[in-house]
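Open the model in your viewer and keep the selection tool at hand. The stops below go from whole chains down to single residues.

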Amino acid sequence: MSESPQPYSEAKILRVSLTDNNIVEQPLEKDLVSEYLGGRGLGVKMLFDGLAPNTDPLSPENILIFAVGPLTATTVPTAGRFVVITKSPLTGTIFDSHAGGYFGAQLRRAGYAAVVFEGSSPFPVYLWINDERFELRDASRVWGKDVVETTNLLLEDTDAKAQVACIGPAGENRVKIAAIMTDKHRAAGRGGVGAVMGSKNLKAVVVKGSGKVAVADSERLNEAVKRARLLIKKNSVTDKSLPIYGTAVLVNVTNEFGMLPTHNFQEGTFNDAVGVSGEKLLERLSVRTYNCYGCPIGCGRISRARGEEVGGPEYETIWAFGPQCGINDLEWIATINHQCNLMGIDTISAGSTIGCAMELVQRGNLDAPLHFGETEGLIELIHDIAHARGLGAELGEGSRVLASDYGAPELAMHVKGLEMPAYDPRGAQGHALGYATSNRGGCHLRSYLIGPEILGTPVRVDRDRPEGKADLVVLYQNLSAAMDSLVVCRFTNFAWTVDDYAEMLAAGSGLPVTGRDILTIGERIWNLERLFNNREGLTTDDDQLPPRFFTPLPEGNSRNRVVHLDQMLTEYYRLRGWDADGRPTKDRLKNLNIPV
Amino acid sequence: MDLTVEDLARMIDHTRLKPETKRGKIKQLCEEAITYGFVTVCINPVHVAYASELLKDTDVKVCSVIGFPLGASLSTIKAAEAREAVKSGAQEVDMVVNIGALRDEDYDLVRSDIAAVVEASGNAHVKVILETGLLTDDQKRQGCLLSKEAGAHFVKTSTGFGPMGATPYDVRLMRETVGSEMGVKAAGGIRSFKDAIKMIEAGANRLGTSSGIAIVEDFRWAQYSDTWMQPDKPCWDCPSRQANLAKQPKEVYVWYKQRCLVCPDRHLNVFND
């Protein structure tokens, strides 16, 4: 990037053809910014336009996009993240996966809005972006290495101040639950985006950006940021719970509500929840906390497990290898989390799939040494998953394939092939609808109604009531699509309203947007994702939950509850302006300026 | 309800009453009150002079609590405390009623206790905190009437340190008792804009809360969905649900719980959710 600060509108797209080692810079189209912002929205639009229907996600024809947003590397809190957009090998849907750390900020400071990878390299490579210079380099030296070793070696080869996003052995072996890792233990974890990277023989992207970014109205942005930081400071979740306990603060909360999925969602209460809680993590393993780029919250933490400093573990990981598998050994959970990070594996899908396998064993469908509550052999199993060996190879396909192969598809706790995270949907109707309708499958972040339904932010709503939930799900999905296109952290949503994002976007980019406008942009992105999925053959049948969630939980504070999905889905489609088959109508697409 | 963010802010006493409060927090409280246009900052008497200095030439008033939080000081002490607070710059005082006297039905003492503070406060408005969680409905009504007779300007539900916070039920009862010419302040446990609006709908025209910023900021969510304001489960708002034997006199606790037996929504009172 040149010496003078660069506005987002002048950021470039780097298009990398891996097959023939050809890299070109392209300008960022103005219309794309005003209609899709950047990040997820930009990636979704490029993928929708550029990918032929029914492309094999692990073929060279798939496209892999790294993107940042119009606020990245500005003073806006948390705006140092990046997003990866591709067609998922795990779900077959369009997919975006996000990570924090510092990589996104450096990519933007190097002058880029996105890097688009096409084709497949004949040998392992990594992309080295050093400000305005870029090249593909031989990655043979790091192929087969774990994430930490890879990161260290690539920083030696390039610049100690650079940032690395890489895959571990799982990605190299095209394991469908492989992650892309940055900062050694932060993950763009979900959907097998690491496998797509591996299928392209792309081991890593290394970036050093030293340029400055320009904003449209620095005075206005300063005011907006000052306000935004105050709001973070005044919010108990962002000022107290997350900084002190990290995301693990949720263990005791969800358990109290009877929504902490236990033994593969057979129960919603874990007897030993306290032993794997955020409070216990603080007391037993915590070494220090850390912040991602520009983040005043600081939910990240380093723990000590078995004599080693390790990243995390996060709430979802604690759940996946803890209650989901009936395990109460927090130190062991921190250790297996570290092993997943080294191998580049999504901990949610890995833990959930292992829990699924344990239930298959429990019910006699599978003969394997996997039993709820037992840790023996599981760390070795993580390595087998990463290297696609034996039972590990089967688990690496995800729970949908595993359970189906063993004759019990109903035991896979997934939506659209993506393992559901750590909230039993029977305890929160709106959250359940969010799972079912998520464009990327079983995801808690597309519409985090745990906020209002469980945590009471911004206000508490009745978690058992299906009425009105479709309205909130649509609101949260549209907002999350916009937030992911600004590429800011989801946790800001505890403290900021729609209008705050709009104000920072307007000040930062010069786009004349209001809160309503960014919701419309989010809606546009959501509908385009839906069209992509429809094009891939997904229907309303895929907006479903596993049958388990239509039978009541036996005990705990969500007992006797089932999900009232049909009632909410009908209302959801109506509010979305979709037909009964869950397809966006021409009128709605026209209103959103999406070419029919 | 046709209520703007600004309207809502102008109903809020921006409150900080914790004993550990340092001057830095008072400064922050005052700055926030100016920024958001809150009607007062509500603080302990020791901070009144400092806050008054910070807020001079602004529209934000200083409100001092008196006899707080027990209401068990001598009337002369309450009056002297109010006088000093007003002298230091307080324009409103929130006094705690003599709760024991109210429960003893010693109405002359209750009335004179309030009147002493009203007189000592001069032009400053006086709000009388009943601490509803320690009272039955009849006692709350009596407290309202005595406050009115003694010349107070507002009745207020709670200190925030007692066994219960404000509930729409109590606010409604108090509004019905004092009529429209007197103020009703809801305070204690008001943390969200939904809580705030429910209190206003029940008849409150002043809200005491330490969550003022969150309430006003989050109120902007209201425009994006009607679901926020959907009715809650009836027990959520009911004082009987909040009743706590460890914190209340036995007979008051039992009185609250007995209401549950004849409640028209009792069929919904199965689980504490």
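The tour starts with how to read the model and then moves through domains, a chain contact, a sheet and a core.

**Before you start**

This is a predicted model, in which local features need pLDDT of at least 70, side-chain atom pairs count only at pLDDT 80 or more, and totals for chains, interfaces and linings use all residues. Residues are numbered from 1 along each chain as its sequence is written, while chains are lettered from A and ligands numbered from 1 in the order in which they are written.

**Stop 1: the domains of chain A**

Colour residues 6-214 of chain A as domain 1, 243-412 as domain 2 and 425-591 as domain 3; such bounds come from an automatic or database domain assignment. The C-alpha centres of domain 2 and domain 3 of chain A are 25 Å apart. Across their boundary, 14 residues of domain 2 of chain A are in contact with 16 residues of domain 3 of chain A. Here, contact means that the C-beta atoms of two residues, placed from the backbone, lie within 7 Å. The domain 2 side of this boundary in chain A has 8 nonpolar, 3 polar and 3 charged residues. In this count Ala, Val, Leu, Ile, Met, Phe, Trp, Tyr, Cys and Pro are nonpolar, Asp, Glu, Lys and Arg are charged, and the others, Gly among them, are polar.

**Stop 2: where the chains meet**

Show both chains. How many residues does the contact take from chain A and from chain B? It takes 18 from chain A and 18 from chain B. On the chain A side, helices H7 (218-234), H19 (469-486) and H20 (498-509) of chain A each give two or more residues. H19(A) gives the most, with 3 residues. Helices (H or I, at least four residues) and strands (E, at least two) are DSSP runs, numbered from the N terminus.

**Stop 3: a sheet in chain A**

Select E15, E16 and E17 of chain A, 3 strands that form an open antiparallel sheet in that order. Strands E15 (286-290) and E17 (308-311) of chain A are at the edges with a single partner strand each, so one side of each has no neighbour in the sheet. Two strands count as paired if DSSP finds at least two bridges between them. E15(A) and E16 (residues 300-305) of chain A are joined by 4 bridges; Arg288(A) has Ile302(A) as its bridge partner in E16(A).

**Stop 4: a strand covered on both faces**

Select E4 (residues 64-67) of chain A. Leu64(A) and Phe66(A) on one side, and Ile65(A) and Ala67(A) on the other, are all buried. Ile65(A) stands opposite Val116(A) in E7(A) and has Ile85(A) as its bridge partner in E5(A).

**Stop 5: the core**

Ile65(A) also belongs to the largest nonpolar core, which has 279 residues; it is among those with the most contacts inside it, together with Ile345(A), Val93(B) and Val117(B). A nonpolar core is a set of buried Ala, Val, Leu, Ile, Met, Phe, Trp, Tyr and Cys residues joined through C-beta atoms within 7 Å. End at Val93(B), whose contacts beyond four places in sequence include Ile66(B), Ala82(B) and Val117(B).

Technical notes. Buried ≥ 20, exposed ≤ 12 C-beta atoms within 10 Å, placed from the backbone.
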